[in-house]
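Here is a short report for someone meeting this structure for the first time. Please look over the sequence and the model before reading on.

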Amino acid sequence: MSLSEYLSKSLNTIKRANWYRQEKTITGLSGAVIELEGEKLVNFASNDYLALASDARLMEASIEAIYKYGTGSTGSRLLSGHRLLHEDLESSIALWKNTEKALIFSSGYTANIGTISALMSKKDLILGDEYNHSSLKNGAKLSQSQVIEYNHNNCLDLIHKLEQNREHYRHCLIITDSVFSMDGDLCPLPELRQIANKYDCWLLIDEAHATGVMGKTGAGCLEHFGVKNDNIIQIGTLSKAIGSLGGYVAGSAVLIDFLRNRCPTWIYTTALSPADTAAALKGIEIIKHDSERRSNLWENMTFLKQVFISLNLSFFPTESAILCLKSKNAESALKMSLKLRENGFFVPAIRPPTVSTSRLRFSVMATHQPIHFTTLKNSIAMA
Ligand SMILES: *Cc1c(COP(=O)(O)O)cnc(C)c1O
C-alpha cells in the first residue's frame, strides 16, 4: 500500500467513527467572548481560566522583554539561551509552589515526557491513572519502564497492583493528573501520598489545570488539600491559567539539578522565548495577589452547575473549573455542540480517542458574565 493510500484509509476510518477533528480559527483577542470563524460566541472552550492571555499587563511585560532581549532566546539554556528572566520565573514558581527549586520547559508536554523518562528506566515500575493526560502516558512509554494503569482514582486498585508488582522492580513512580483535564475531578492526593510513602514510591502530579485555579493563592492541589510537599514532583504548564506558553517542574534542589543534567527535553531544546517568559512571570505575580479573579471563577462555576441541575442534565463529578455534560455517543455530542454554536456558544464535543465516552466539555472563565449562563440555560432548554 502506498503512503497516501494508507493515510487516506486511516482518515476515512476516523471520519466514519465521527472522530475526525479540525482546527477552528479565532480572530482577535481571546476571552470569555470570542469571534470564531466570523461568529461572535461565548467561549466555554478556553484554558485561560483567569483571562490573563489577553491581559494588558502581560502583553506589556512581553513587549518590554522583546525590546530588552529580542524575540528569540537563540540557544538552549546550557549554551546561549539562558537569561536572568528565566531564573526570575523559576524562583517565582518555586516560591509559589513552596518547593526548593523549579525548572521551566518549552511546554507542559515536554516537561512531562522529559521528566518521567529521565527519572525512570528499564528496571523500574510506573503506575498511572487510566485517565492521565497523553503527555504522562507517553513519558511513561518513553522511559521503557514497566507501565501499569490503575482504575481511575481507585486507591484500592492501586494498592492491589502495588502489592502484586512493587517488589519486582527497583524504583516505582506513581503519576497522575491532579485535576483530570477531560473530566474535571481531582486525584485523591492525601491518600496517594500515603500510599506512595507506604510502598516506597515516588509521586508525580500534573497540575496543568490546577495551577492558578486550585488553592487559596492558586498554587494548585497541594495547597487545595493542605498536603505537605513531601518531595512530590509537581509539573504544570504556563499556558493555561497563567496565560502564557511553556511548562515547569517544581521540586527539590537535587531533582532540578538532576533534570538540568539528564533531561533531554530540557537540555536539547531552545530556551523559552523572552516574551513568553516575561508574560508568565507577570501572570504568576497577578495570580498570587488577585484572589478576586479566582472567586469570580468559582462563582461562575456554581452558576454553570445550577444551570445543569435546574435542567436535570447529568454531568461528571467535578471540583475544578471544568464541567462535562454526559452524551450518549460521539454523534450526539457533536450535534449538541453544533446546536449550541448556532445559539452563540462555543462548547467542544470531546470524543474518543481523547476520552472513552463522548461528552460536552465546558471550561469556565473568571470573566464569564451572569447573562452568559442565563442565555445558555434558555438555549439548552429549547434544544
Ligand atoms: C495541557 C496539558 C498538558 C500540556 O501542557 P502544554 O503546556 O499545553 O504542553 C499536560 N498535562 C495536562 C493534564 C494538560 O491538560
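Helix axes here are lines fitted to C-alpha atoms over the stretch in contact, and angles between them run from 0 to 180 degrees along N-to-C directions. The model is predicted.

**A helix pair**

Two packed helices are described by the angle between their axes and the distance between the axes. Take helix 2 (residues 56-69) and helix 11 (residues 274-289). Their axes come within 8 Å. They cross at roughly 145 degrees. The crossing of helix 2 and helix 11 is right-handed. Helix 2 brings R57, L58, A61, S62, A65, I66 and Y69 to the contact. Helix 11 answers with P274, A275, A278, A279, K282, G283 and I286. Sorted by class, this contact holds ten nonpolar, two polar and two charged residues.

**The ligand site**

The ligand is surrounded by 15 residues. G108, D206, H209, T237 and K240 are the closest. By class, the shell has two nonpolar, ten polar and three charged residues. Which helix gives the most to this shell? Helix 4 (residues 108-119) does, with three residues.

Oxygen atoms of the ligand pair with these protein atoms:

| Residue | Protein atom | Distance to a ligand oxygen atom |
|---|---|---|
| Y109 | backbone N or O | 2.9 Å |
| H209 | polar side-chain atom | 2.8 Å |
| K240 | side-chain N or O | 2.6 Å |

How much of the ligand does the protein bury? Taken alone, the ligand exposes 380 Å², and the protein buries 85% of that.

Technical notes. Residues are numbered from 1 along each chain as its sequence is written. This is a predicted model: local features need pLDDT of at least 70, side-chain atom pairs count only at pLDDT 80 or more; totals for chains, interfaces and linings use all residues. Side-chain values use heavy atoms; hydrogens and water are left out. A residue is near a molecule or strand if one of its heavy atoms lies within 4 Å of it. A polar contact is a pair of N or O atoms within 3.5 Å; within protein, one must be able to donate a hydrogen and the other to accept it, and residues adjacent in sequence count only if both atoms are side-chain atoms. Accessible areas come from the Shrake-Rupley method with a 1.4 Å probe; for residues, only the protein chains shown count as cover. Helices (H or I, at least four residues) and strands (E, at least two) are DSSP runs, numbered from the N terminus. Ala, Val, Leu, Ile, Met, Phe, Trp, Tyr, Cys and Pro count as nonpolar, Asp, Glu, Lys and Arg as charged, and the others, Gly among them, as polar. A crossing is left-handed if the near helix is turned anticlockwise from the far one by less than a right angle, and right-handed if clockwise. Contact means heavy atoms within 4.5 Å.
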